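Open the model in your viewer and keep the selection tool at hand. The stops below say what to select next and what is there.

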Amino acid sequence: MSNLLLLNGPNLGILGRRQPEIYGTATLRDIEEAMAARVAARGWKIVSVQRESEGELIHAIQDNYDSVGAVVNPGALMVAGWSLRDALANYPRPWIEVHLSNVWARESFRHESVISPLAAGIIAGLGPLGYELAADALMKTVTAP
Ligand code: DQA
């Protein structure tokens with residue numbers, strides 16, 4: 001079975017109880033389950049990794065070069081996660097950047113992402129649906145088992 005890597009950065013493990021007025025009430029588990037249901041038809045399985053530190057996220061990328069693609073919410077590492085960017089530059093498969101909130105409608109420090117130039121696509125502001133749409137996009141575009 002092929003693996004789709006779901007990578008979530010700092011503070012995304014507490015979704016559901018993290019500023020629900022911004023990030024909603026869905027938990028990371030809810031998101032994982034919705035994505036798993038979505039990709040099952042393609043015979044894919046979700047490998048979900050959420051870490052608070054950049055180094056551990058990098059390890060997860062390096063450990064999953066054999067995945068078919070990835071959905072990445074870097075959290076605040078979008079702003080200055082240069083090592084994460086370098087790790088993603090060496091990730092051999094397409095990946096999509098997702099943000100639950102519309103970062104461009106928020107504080108100006110959230111308007112820059114150091115990883116966006118490397119992403120196959122970017123989805124922001126659609127809440128948990130964004131993760132499912134990213135999975136859909138990868139299922140449509142990735143030529144892999
Ligand atoms: C976020 C947006 C980031 O600016 C923030 O630091 C997060 C979550 C989002 O999903 O909307 O941690 O990536």
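**A tour of the annotated site and its surroundings**

Select Tyr23 and show what surrounds it: leaving out residues up to four places away in sequence, Tyr23 touches Leu15, Arg18, Leu100, Ser101, Arg106 and Arg110, where contact means heavy atoms within 4.5 Å. This is a predicted model, in which local features need pLDDT of at least 70 and side-chain atom pairs count only at pLDDT 80 or more, while totals for chains, interfaces and linings use all residues. Residues are numbered from 1 along each chain as its sequence is written, and side-chain values use heavy atoms, with hydrogens and water left out.

Stay on Tyr23. Tyr23 sits in helix α1, residues 20–23; helices (H or I, at least four residues) and strands (E, at least two) are DSSP runs, numbered from the N terminus. Is Tyr23 buried or exposed? Tyr23 is buried, because its relative accessible area is 8%; buried means under 20%, exposed over 50%, and partly exposed in between, with a 1.4 Å probe and protein chains only.

An unreviewed UniProt entry gives the annotation "active site" to Tyr23 and His99; UniProt positions are given in the numbering used here, feature names are shortened, and annotations may be inferred rather than shown by experiment. The two are spread over 77 residues of sequence, yet they cluster in space, with a largest C-alpha distance of 9.4 Å. Both Tyr23 and His99 belong to the lining of the largest pocket.

His99 is in strand β4, residues 95–99, and is buried, with a relative accessible area of 4%. Beyond residues up to four places away in sequence, His99 touches Asn73, Pro74, Gly75, Met78, Ile123, Ala124, Gly125 and Leu126. The His99 side chain also makes a polar contact with the side chain of Glu97, at 2.6 Å. A polar contact is a pair of N or O atoms within 3.5 Å; within protein, one must be able to donate a hydrogen and the other to accept it, and residues adjacent in sequence count only if both atoms are side-chain atoms.

From Glu97, move to Ser113. The side chains of Ser113 and Glu97 make a polar contact at 3.1 Å. Ser113 lies in the loop between β4 and β5 (121–124) and is buried, at 13% relative accessible area. The Ser113 side chain also reaches the backbone nitrogen of Ile115 at 3.3 Å.

Then show the largest pocket. Its volume is about 180 Å³. Which of its 17 lining residues are the closest to its centre? They are Arg18, Tyr23, Gly75, Ala76 and Arg110.

Two loop residues come next. Select Asn11, in the loop between β1 (2–8) and α1: its phi is near 70°, a positive value in a residue other than glycine. Asn11 is partly exposed, with a relative accessible area of 39%. Gln19 is in the loop between β1 and α1, and its phi is near 30°, again positive in a residue other than glycine. Gln19 is partly exposed, at 38%.

Finish at Ala37, in helix α2 (residues 28–40). Ala37 is exposed, with a relative accessible area of 57%.

Methods: 1 Å grid on protein atoms, 1.4 Å probe; cavity = no way out; pocket = protein on both sides within 12 Å on 5 of 7 lines; lining within 4 Å. Points joined across faces, edges and corners; volume = space filled by probe spheres on them.
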